[in-house]
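User: I'd like to go through this model and ask where the labels come from. Can you set the values against the definitions for me?

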Amino acid sequence: MDDFYNSLPAEEDPEDIYGGLRPEMAKAMNSLKDEIDRFRKETMERDLDDPVDHVLARIKDEDSMIDKLSRKKLPINARSALCEVHDAIGIRIVCPFINDVYAVSEYLRSRRDLEIVLEKDYIKQAKENGYRSLHMIIREKHGFFAEVQIRTISMDTWAALEHAMRYKHDIGGNTELIARELKRCADELASTDLSLQTIRDMIRQAK
Ligand code: 0O2
């Protein structure tokens, strides 16, 4: 393991799972958001359209992080929270079109100050339940990891509704039917995303 890992508290801090590092985490998160803003500006200067609809960023809250570490049977300390799991910092980038999703990911890959640790393309290979999104685990220059989720507005709408329904309601006896219907909605939205991308390409070509 590296210097960053060794610098992190290995003892449990009952007050703060991130061992007092929240200000540094917030700084790292904000510089990642600034990177995205730079990309938006550069793209708009070139071709007018904004490749991003909106960006959400969060530091995983104390309880969710402790839950996750317990689930993974990891020690409850800052070292695990910041190095063994990689989504203490989470950034969600919601784009109008599928090509924008890949343009954003390409931009992040091109940044020399960011290490791409892992990529999962749940757009090319959707999850069984229909979930679609491009996930990247990146590491910024100070050593912090962040999970970046990049998806279209349709994918984001589906994920938000599916998440709300899964967590807030007891689905009852219709589990299979509901899962099938949710998957159908995800597939229909994916097909609409493709049509919208085609329409946008046609408009651009006509210009
Ligand atoms: P939250 O509160 O959203 O941050 P991991 O558990 O992270 O070590 P995993 O499960 O392989 O590893 O990660 P994956 O598949 O990349 O998914 C991580 C995150 O993607 C989840 O975070 C969700 O935000 C989102 N996600 C993945 N699958 C689904 C899905 O089926 N539906 C929805 N709505 N979101 C999904 P967390 O950890 O759930 O927490």
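Analyst: To start, α2 and α5 are oblique to each other. This is a predicted model, where local features need pLDDT of at least 70 and side-chain atom pairs pLDDT 80 or more, while totals for chains, interfaces and linings use all residues. Residues are numbered from 1 along each chain as its sequence is written, and side-chain values use heavy atoms, leaving out hydrogens and water.

User: Why are α2 and α5 called oblique?

Analyst: Helix α2 (residues 22-47) and helix α5 (residues 98-110) pack at about 120 degrees, their axes 11 Å apart. Axes are lines fitted to C-alpha atoms, for helices over the stretch in contact, and angles run from 0 to 180 degrees between N-to-C directions. Under 35 degrees counts as roughly parallel, over 145 as roughly antiparallel, 65 to 115 as roughly perpendicular and the rest as oblique. An angle of about 120 degrees falls in "the rest", so the pair is oblique.

User: Which residues make α2 meet α5?

Analyst: On α2, E35, I36, R38, F39 and E42; on α5, A103, V104, Y107 and L108. Contact means heavy atoms within 4.5 Å. By class, that makes six nonpolar, no polar and three charged residues. Here Ala, Val, Leu, Ile, Met, Phe, Trp, Tyr, Cys and Pro are nonpolar, Asp, Glu, Lys and Arg are charged, and the others, Gly among them, are polar.

User: And what makes α5 and α7 roughly perpendicular?

Analyst: The axes of α5 and helix α7 (residues 175-206) cross at roughly 85 degrees and come within 8 Å. That angle sits in the perpendicular range, so the label is roughly perpendicular. I98, N99 and D100 of α5 touch D193, L194, Q197, R200 and D201 of α7. This contact has two nonpolar, two polar and four charged residues.

User: How many helices and strands are there, and how do you know what counts as one?

Analyst: The protein chain has seven helices and five strands. They are DSSP runs numbered from the N terminus: helices are H or I with at least four residues, strands are E with at least two.

User: What is the buried area between domain 1 and domain 2?

Analyst: About 1,200 Å², with 49% of it on carbon and sulfur atoms. Buried area is the accessible area (1.4 Å probe) that two parts lose on being put together, summed over both. The domains are 2-152 and 158-206, with bounds from an automatic or database domain assignment. Across the boundary, 13 residues of domain 1 contact 15 of domain 2, and the C-alpha centres lie 23 Å apart.
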